[in-house]
Amino acid sequence: EDIEHLSGKMRKAESSIARLTAEIAELESDLGHIASMQRDMDANRAAEHADYEAQSSDYKQGIDGIQMAIKVLKEYYGKSSLLQQPAVGTHSSADGESTGIIGMLEVAESDFTKLLAEVESDEKESEKYYEETTQENKVATAEKKTALKFKGKEQAETKSELEELTGDRDSEQSELDAVLDYYSKVKKQCVAKPEPYEERKRRREAEMEGLKNALDILEGNAMAFLQVNRFRKH
């Protein structure tokens, strides 16, 4: 693979790692938020239940006490009416007094019973909401933990892939650098460098001197040849 192709794969891997890092951070934040919310819910539910227990106990004790008082009063006024036989006016007065006291107690009993029913209804609603929300939090936590696990695995694999791509790219780059360096050296040897003026002048003078010497030699040889020919003719 060429360097550009490897660099493209590296950029894609880096982008995936950045995306996965953000998604993992978001999942971890969500899990922290759910855990915090559940802790608050647990504390609130415990406090609400404790209040319910206290109120329920008070109301039940109040109802039991009132019922006991009504029973005692009914028994008391019932026996009194049998043992004593007062005048008609006195008897009517006693009956009215007992009826009034017992009536007030029965109203109080009814009020306590209504209050007990209300706190029990509120307790059931609170418990239902707590259980449903807790279950939703458990499901959300399980889903997010599973997603976190797979994204963490994907991130680790992508980081490993990026390391391999980086190694391959660096290896390719090293080979390319070596080839370019070798080519540069060969090119320097093959391409003629501009010859300095002084060097060209010296070389030309040497060439001229060589030509002059050659001409002198040729001229000397020519003269000798002519003299030999003349001697032969005579």
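## Opening question

Does Phe112 count as buried, partly exposed or exposed, and at what relative accessibility? Phe112 has 27% relative accessibility, so Phe112 counts as partly exposed (buried means under 20% relative accessible area, exposed over 50%, and partly exposed in between, with a 1.4 Å probe and protein chains only).

## Basis of the report

The model is predicted: local features need pLDDT of at least 70, side-chain atom pairs count only at pLDDT 80 or more, and totals for chains, interfaces and linings use all residues. Residues are numbered from 1 along each chain as its sequence is written, and side-chain values use heavy atoms, with hydrogens and water left out.

## Overall fold

The protein chain contains three helices and zero strands, where helices (H or I, at least four residues) and strands (E, at least two) are DSSP runs numbered from the N terminus. In sequence order, the pattern is α-α-α.

Of the 234 residues of the protein chain, 16% count as buried. Among contacts (heavy atoms within 4.5 Å) with a separation of 6 or more, 93% come from residues 24 or more positions apart.

## The aromatic pair

One aromatic pair is present in the structure. The ring centres of Tyr59 and Phe112 are 6.1 Å apart and the planes stand at 65°, so the pair is edge-to-face (rings of Phe, Tyr and Trp, the last by its six-membered ring, pair if their centres lie within 6.5 Å; planes under 30 degrees apart count as stacked, over 60 as edge-to-face and the rest as tilted).

This pair links distant parts of the chain: Tyr59 lies in helix α1 (residues 3–83) and Phe112 in helix α2 (residues 88–190), 53 residues apart. Tyr59 counts as buried because its relative accessibility is 17%.
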